Amino acid sequence: MGQPFFEFINDDRGVYVCKTCGTCLTGSKHLYSTTFTGQYGQAYLFNTVVNVTKSAPMQREMSTGNHMIRDVACKGCKKTIGWFYEFAYESEQVYKEGKYVLELTLISLRKGIVDQKGGNSQCYL
Ligand SMILES: [Zn+2]
């Protein structure tokens, strides 16, 4: 497998990082909706997220209907931090396809220069 590749994010409104290990996940400009509910409470929907791995697709029945999703785990600490919408069966839910939900309690917003010395990520803003 070799070394995991970590991408850099540049977003002047702040970047979202993994609360556990500080790996950069996404930027504020990729935030699509703040009104989602995750396993641990409030969750955010993002257009794109980097530095994560996805599980095999699985069916999950949610309050908004049946979806094909993949669990999303941080590349830095391997912790599951949300999920990815692979496919939505209900036509009004199709906008979620290809987007990511991250649990708010497992991520944090950082501003300024974040330089994770000895860690896995560097975020320059
Ligand atoms: Zn992490």
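**Exercise 1. Work out the strand order of the open sheet of 3 strands, and find its edges.**

Solution. Start with the terms: strands are DSSP runs marked E of at least two residues, numbered from the N terminus, and two strands pair if DSSP finds at least two bridges between them. In this predicted model, local features need pLDDT of at least 70, side-chain atom pairs count only at pLDDT 80 or more, and totals for chains, interfaces and linings use all residues. Residues are numbered from 1 along each chain as its sequence is written.

Step 1: the order is E2-E1-E10, with antiparallel pairing. Step 2: strand E2 (24-27) and strand E10 (107-110) are the edge strands, as each pairs on one side only. Step 3: look at E1 (residues 15-18), which is joined to E10 by 4 antiparallel bridges; here Val15 stands opposite Arg110.

**Exercise 2. Follow the pairing from strand E7 through E8 to E9.**

Solution. Step 1: E7 (residues 65-74) and E8 (residues 80-88) pair antiparallel over 7 bridges, and Asp71 faces Trp83 in E8. Step 2: the hairpin of these two strands has 5 residues between them, and there Lys78 takes a positive phi near 65°. Step 3: move on to E9 (residues 100-103), which runs antiparallel to E8 with 3 bridges; Phe84 stands opposite Tyr100.

**Exercise 3. Decide whether Thr34 is buried or exposed.**

Solution. Step 1: find Thr34 in strand E3 (residues 31-38). Step 2: recall the cut-offs, counting other C-beta atoms (placed from the backbone) within 10 Å: buried at 20 or more, exposed at 12 or fewer, partly exposed in between. Step 3: Thr34 is exposed because it has 10 C-beta neighbours inside 10 Å.
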